[in-house]
2 protein chains.
Amino acid sequence: MPTDARLDLQFSRAVPLSPEQLWDGWTNPQTLVHWFCPRPWQVVACDIDLRPGGIFRTVMQSPEGHRLPDNVGTFLAVDAPHRLIWTNALGPDFRPQPKAEDDHLGFFFVAELRFTPLPDGQTQYTATVMHQDEAGRDAHAALGFEQGWGMALDQLIALKSTV
Amino acid sequence: MPTDARLDLQFSRAVPLSPEQLWDGWTNPQTLVHWFCPRPWQVVACDIDLRPGGIFRTVMQSPEGHRLPDNVGTFLAVDAPHRLIWTNALGPDFRPQPKAEDDHLGFFFVAELRFTPLPDGQTQYTATVMHQDEAGRDAHAALGFEQGWGMALDQLIALKSTV
C-alpha cells in the first residue's frame, strides 16, 4: 500500500525464514506467544480467529507479573502466506473500538505485514504501520517501535531456527 | 453481527426488490447517485472500488448548490449479493482517517447491509450501523438516521420499479 512518511512507521528486514514460517509466527497463537513480545515481557494470552472481522487479542505481562490491558483488534486482510492486515481501531465483527484516547495505548493503527520471497532464499519481512495523525505516529515511535519489532523478530528467527 | 442497542442504529424493512437489485443500488455508482440521498439533496459524485480496502466516496449537494465535504470510506466485506460492510473510520487501503472530531460528520461508524430473501418473494433490507460511543450514536440519530435511510430506500424502490 502507498506509504506516508508523516503518518507511518515501517520496519523491513531480510530474514532467513520462509513466508510460511513468518505466517505461522503471526497467525498461530501457540507460536505467537513465544516471540511476539520482547523478553523479559511475555504474551500470556492470545486469541486469533483468522478471517476478516475475526478477533486478534494478545495480553502482555511484565517480568514482575503485571498484566497490561488486553490488546484487542481484528483482521482486515488475510492472504496466506504473504500479506496480513490488522487494526486496533476495530474489534471483532468490525465493531468500532472506543476512542483512541480511551485505549491504553492511546492511538489507533492499521498494520500490514508483507512476507516477500527473495532470490537468495530469504524473505523480505516488511511491517507498515499507519496512524491517524502525527501524534499517534510519534507516540508509537516513542514506545520503541523500531527496537521492539526488531527484538521480537529476532526471537521469532531464533525460535524457528531451533525447530 | 451481534448488535448493541447502546451503540448501534438499525433500520430494517421488507422491500419488493431482489437482493441483486439492492446490491446494484449500493454498489453501482450509476445507480447509487439516483437514490442514496433524500431529495432535493443529491449525490453529485461517487467512486466505488468494490473490494475490501477499496474506496467508497460520495459527495452530497444541497438544492442551492452547496457541496458538503467528501464522504470517504472503505469497504470491509463484499459478499455479493447478500452482505456489504463499509466504514468511514478507514479510507482506501485501510488507511486510518483523521480523528472523528475532525471529520465533517463528527463521528465514525461501521455499516453492515444485509439483503435476505423472504418466503413471500420480498427481501429483508437490514442496515446495522455501529458507533464508537453513545455520543456518536446519538449524533447520528439526531441527523435523522431513521427518516433519512427510509426516504432514500423509498427512492431506490421507486427507481427499480420503473426500470
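Tutor: In this predicted model, a rotation of 180° with 0.0 Å of shift along its axis places chain A on chain B, with an RMSD of 0.0 Å.

Student: Why is this called the relation of a two-fold axis?

Tutor: Two copies of a chain are related by a rotation about an axis and a shift along it. Here the rotation is 180° and the shift is 0.0 Å, and that is the relation of a two-fold axis. Within chain A, the residue closest to the rotation axis is Leu76(A), whose C-alpha lies at 3.5 Å.

Student: How do you know that the same surface serves both copies?

Tutor: Of the contact residues of chain A, 100% recur in chain B. The contact takes 24 residues from chain A and 24 residues from chain B. Strand S4 (71–79) and strand S7 (123–131) of chain A each supply at least two residues of the side that touches chain B.

Student: What is the area buried between chain A and chain B, and which residues of chain A lose the most?

Tutor: The buried area is about 2,000 Å², and carbon and sulfur atoms give 59% of that area.

Student: What makes the pair Arg95(B) and Asp8(A) a salt bridge?

Tutor: The term requires a side-chain nitrogen of Lys or Arg within 4 Å of a carboxyl oxygen of Asp or Glu. The closest N and O atoms of Arg95(B) and Asp8(A) are 2.9 Å apart, so the pair meets the cut-off of 4 Å. Between chain A and chain B there are four salt bridges, and six residue pairs are in polar contact.

Student: Why are strands S1 and S2 of chain B said to stand at the edges?

Tutor: The seven strands of chain B form an open sheet in the order S1-S7-S6-S5-S4-S3-S2, with antiparallel pairing. S1 (8–15) and S2 (42–48) each have a single partner strand, so one side of each is left without a neighbour in the sheet. From one strand to the next, the twist averages 20°.

Definitions and conventions:
Residues are numbered from 1 along each chain as its sequence is written. Chains are lettered from A and ligands numbered from 1 in the order in which they are written. This is a predicted model: local features need pLDDT of at least 70, side-chain atom pairs count only at pLDDT 80 or more; totals for chains, interfaces and linings use all residues. Side-chain values use heavy atoms; hydrogens and water are left out. Copies are superposed by least squares on the C-alpha atoms of residues with pLDDT of at least 70 in both. Contact means heavy atoms within 4.5 Å. Two strands pair if DSSP finds at least two bridges between them. Helices (H or I, at least four residues) and strands (E, at least two) are DSSP runs, numbered from the N terminus. Axes are lines fitted to C-alpha atoms, for helices over the stretch in contact, and angles run from 0 to 180 degrees between N-to-C directions. Buried area is the accessible area (1.4 Å probe) that two parts lose on being put together, summed over both. A polar contact is a pair of N or O atoms within 3.5 Å; within protein, one must be able to donate a hydrogen and the other to accept it, and residues adjacent in sequence count only if both atoms are side-chain atoms.
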